[in-house]
Amino acid sequence: MSNLPGQESPTPRHGPTVSPQVELARKLNLLLDVVVAEGNTPYTYKQIEHGLKNKGVALSRARWAYMITGDGPLVTDPALLTGIAEFFRIPAEYMLGSDSDLPERVDAQLSFVKSLRVARVVSFAARMLGDVSPETLRSITDLLQDNTPDPESRPPT
C-alpha cells in the first residue's frame, strides 16, 4: 500500500502520521483559504513576498512553493514563520508550533470562519438555483464543505 507524499506509514492505533512539512502546508493553505472565505481575493506569491520584504524577510518563489505543497525541507526559520503569521494577522505561535493550545484555537477559529463562508455560499446557491433537486443541492453542499485540501493539488502562486 502506498502512502501519500509527506506521510509516514500508518501506525496501528493512530492512523497515518503527517510529516511536519505537510502540517505546515496544511496551515498555510488554511490561511490562504480563509482569505478567500472572508470574501477577499486570494493572495498571490508576489503580495506575500512584498509583505514579507517590508518586514525585512526574504521568501523565494521556490521556497514558497515547497512550503505550500509540503514537499522539500521543513522550514523552521522563526523570522520567516513569524513574518508569515504577521502578514496574515494571526499569532506567531500558530506558525511556530508552540506547545500551548493557541495554535489549536487559531486553527479552530480559522476553520470556523471558513465553514461560515461555505454556509453563506450554500445559501446563496440554493436561492440562485431555485428548482434544483435536493440531491443536487446536497452534492453541491458536500463539495463546498469538503475542507480537507490536498496540499499537492495547489499550484504555486
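Modeller: Happy to. Among contacts (heavy atoms within 4.5 Å) between residues at least 6 apart in sequence, 56% join residues at least 24 apart. Bear in mind that this is a predicted model, where local features need pLDDT of at least 70, side-chain atom pairs count only at pLDDT 80 or more, and totals for chains, interfaces and linings use all residues. Residues are numbered from 1 along each chain as its sequence is written, and side-chain values use heavy atoms, with hydrogens and water left out.

Colleague: Good to know. How many helices and strands does the chain have?

Modeller: There are seven helices and zero strands. Helices (H or I, at least four residues) and strands (E, at least two) are DSSP runs, numbered from the N terminus.

Colleague: And what share of the residues is buried?

Modeller: Of the 157 residues in the chain, 31% are buried, meaning under 20% relative accessible area with a 1.4 Å probe, protein chains only.

Colleague: Let's zoom in on α3. Which of its residues are buried?

Modeller: Helix α3 covers residues 61-69, and its buried residues are W64, A65, M67, I68 and T69.

Colleague: How does α3 pack against α4?

Modeller: The angle between α3 and α4 (residues 78-87) is about 75 degrees, and their axes are 14 Å apart. Axes are lines fitted to C-alpha atoms, for helices over the stretch in contact, and angles run from 0 to 180 degrees between N-to-C directions. The two helices are therefore roughly perpendicular, a label used for 65 to 115 degrees.

Colleague: Which residues meet there?

Modeller: From α3 it's R63, W64 and M67, and they meet L80, L81 and I84 of α4. By class, that contact has five nonpolar, no polar and one charged residues. Here Ala, Val, Leu, Ile, Met, Phe, Trp, Tyr, Cys and Pro count as nonpolar, Asp, Glu, Lys and Arg as charged, and the others, Gly among them, as polar.

Colleague: Switching to α2, how does it cross α4?

Modeller: Helix α2 (residues 45-53) and α4 have axes that come within 10 Å and cross at roughly 110 degrees. That makes α2 roughly perpendicular to α4.

Colleague: Who makes that contact?

Modeller: On the α2 side, Q47, I48, G51 and L52; on the α4 side, L80, G83, I84 and F87. These residues divide into five nonpolar, three polar and no charged.

Note on methods: Buried means under 20% relative accessible area, exposed over 50%, partly exposed in between (1.4 Å probe, protein chains only). Angles under 35 degrees count as roughly parallel, over 145 as roughly antiparallel, 65 to 115 as roughly perpendicular and the rest as oblique.
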